[in-house]
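Hi,

Here is the structure I promised to pass on.

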Amino acid sequence: MAVADFFLYVIVFHKNPFDTYLTDIPTVGKGLNPLLQNAYMVTHPPSLYTGFVGMTIPFAFGMAALISGQLDDAWIASVRKWTLGAWFFLSMGLTLGMLWAYEELGWGGFWAWDPVENAGFLPWLTATAFLHSIMIQERRGMMKIWNVTLIILTFFLTIFGTFMTRSGVVQSVHAFGQDDVLKWIFIIFMGVTLVVSFGFMIYRMPELRSRATLDSWLSREAAFTVNNWILLFAAFFVLFATMFPTLSEAIHGERITVGPPFFDKWMVPIGLVLLFLTGVGPLIAWRRATASHLRYQFLWPVVACGATVAACLTAGLGESVAAVICFGFCAFTTATIVQEFSRGIAIRKRNTGQDALSSLMGMVLRGRRRYGGYIVHVGIVLMFVGFAGTAYKKETDVKLVPGAEKTIGKYTLHFDRLAHEEDRQKEMVTGEVTVSAGGKVIDHLRPAKWFFHKHESEPTSEVAIRRGPAEDLYVTLGGYDLAEGNVTLKLVVNPVVDWIWFGFMLLAIGTGITLLPEALLERLTVGATATANATSRSAGAAGLVLLLALGAGGLAFGIPRTAAAQMEGTSVEPPEPSGAEEIWLVHNIMCQCGTCRHTLMDCASEPCGHAKADRIAIRQLLDQGRTRAQIIDFFITKYGSQVALASPIDKGFNRLAWLFPYAIGAVAAGGLGYAAYRLSRRPAGATSPAVAVHEDTDLADKLDDELRSLD
């Protein structure tokens, strides 16, 4: 109620959505911005909004438990599904935003670490940590204080994300204008929220203390604890890096830029560790794992990881160490999940006499929380494969005349002609391109630039995308000359990028399985536990429907599509980057067009002469023998500050941007080390004795949760 009252006050007394015009109201509107006329934009904002609002419910449950003193595990069981539902909508909103950016903005990427993108990502990180840590509280009665803290932080970050977007404290193409009054309204509300929430938590601290302790660092509790620490560190790092330009301007009087290279430097290793723990956490034993248990659970996953790394190196992918490690960890995690499914099916077949498909359905329905989670993890793995593929992206800008060709990767693009058309809504300039591979024509692409009526100053460019499971060919029309018929095309080859979208489909399926209502589950269970033959037929039908659904989705992604995007259209074209220094500079100096958050190589704003002019300047300076440091000084002088640098220079006040993540990481590592030391110093009788586990016994224990409910 307090949260609803706060937002009602804001929209009624300060930001009335109906007070759009201060003077005359126009009789005819301009229509929706062409960039927003996209199917993904219909669901992207409502999804994020639902996720943000949905996180209020677990926060309300948590505060009710703290205020009333009813601090048993009942409130955790009540909020788990609410949190999972809100988490799913956050995931969907973020993924649809990435897909919209990929198809709509024309720069060939999907995530730029924009402050408003980060605003949706921050509560997702802490909510993910909460969903994992509540399993420890349910199973062992541990981490009660931690879980209350996470739910408070998750809600706070949803309010803080709204604050970043609406107050204007950060510079973003998504953010609204500066509003000092609204800024202070949100600051007061956030301060009251933190004081009241943590005040009640401190008051109830004696009742929140865990009834169990960590027995060993080789346990599932320990793996989830490390997972939580890393997720929380990632959230604090993203928050700090996002707000550092504002902090620098307030303290030092200079607004700097913290761009994608700085975020990638930290988030890539963090993501790799989380991916590895995704495979380790669900398989390692509770309380304490023995050597035989670790060998039994992780032998084949480790073999799969090693084989994948060797295959990547053999295939010549060693240019990106992080990507090779990512592929290896993806294989490791996938192997752990496949192993769990195969062992579960074998046990169920032996106990019920059903066939494999019937056993799979019954197992998933009976243990939907566990196996739905595994499917979510498979979706995350596929998304990481797509993320790793960006390390091998190829891109180039080329100016072509009719009849000219350009080769990129395995594709040869033949520019046929430039067409000019017009309909009732817009004027269209289209480049017709024939794509060949291996000497055969495989596609005809039509990248275009559209000028919508009443939005002539905001032309968009329709990106032509040839999709495929191995890679996307991404073509954007930039500059053009109707009289001569010449065009400038941006060509990008994005390996395995569509695995990101398919991974989200699996994530959605896994979440849906986990959230199946009990009533529906009972009806499904009747079909899954009937006779083996009847079950096989029903399961086969269900499996066929699922395969058709996934196949339809795959075909939808496989069809070449077009999407609106903005591209630069000046006549002077920059040179193609060559040499390590020039490549580094164009990927680490930010465009100053003011309408994007991209590097010089990726900028795709219209009309923008900044990126091309700066790239030409870089080539000229390099030809004059200037060093990297001298060119950086040139841009600092040109723009009057470090705003053009993707990462702040490591000196003076800006050194804080580099030292803070190290300091937080060191404190976290020190805390974990101290906990390990305290654990090692505990008397032998204080911990549960390790039990020698043999393979058959371990397997039976591992699958006990699924088998206990069998008919």
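**Rings, charges and a surface patch**

The charged end of Lys426 is placed over the ring of Trp450, 4.6 Å from its centre. There is a second case of this kind: Arg343 lies over the face of Tyr296, with 3.9 Å to the ring centre. Bear in mind that this is a predicted model.

Now the aromatics. In total, the structure holds 35 aromatic pairs. Take Phe6 and Phe189: their ring centres are 3.9 Å apart and their planes are at 5 degrees, so this pair is stacked. It links distant parts of the chain, since Phe6 is in helix α1 and Phe189 in helix α7 (residues 180-203), 183 residues apart. Both Phe6 and Phe189 are buried.

Then there's Tyr102 with Trp501. Here the centres are 6.1 Å apart and the planes at 45 degrees, so the pair counts as tilted. Tyr102 belongs to helix α4 (residues 74-104) and Trp501 to helix α15 (residues 498-514), so the pair ties together parts 399 residues apart in sequence. Tyr102 is buried, at 0% relative accessible area, and Trp501 is buried too, at 2% relative accessibility.

You'll also find one aromatic cluster formed by Trp87, Trp111, Trp113, Phe121, Trp124, Phe233, Phe237, Phe262, Phe263 and Trp266.

Leu8 lies in helix α1 (residues 2-14). Is Leu8 buried or partly exposed? At 47% relative accessibility, Leu8 counts as partly exposed.

Cheers

How values were computed:
Residues are numbered from 1 along each chain as its sequence is written. This is a predicted model: local features need pLDDT of at least 70, side-chain atom pairs count only at pLDDT 80 or more; totals for chains, interfaces and linings use all residues. Side-chain values use heavy atoms; hydrogens and water are left out. Helices (H or I, at least four residues) and strands (E, at least two) are DSSP runs, numbered from the N terminus. Buried means under 20% relative accessible area, exposed over 50%, partly exposed in between (1.4 Å probe, protein chains only). Rings of Phe, Tyr and Trp (its six-membered ring) pair if their centres lie within 6.5 Å; planes under 30 degrees apart count as stacked, over 60 as edge-to-face and the rest as tilted. A charge sits over a ring if NZ of Lys or CZ of Arg is within 6 Å of the ring centre and within 35 degrees of the ring normal.
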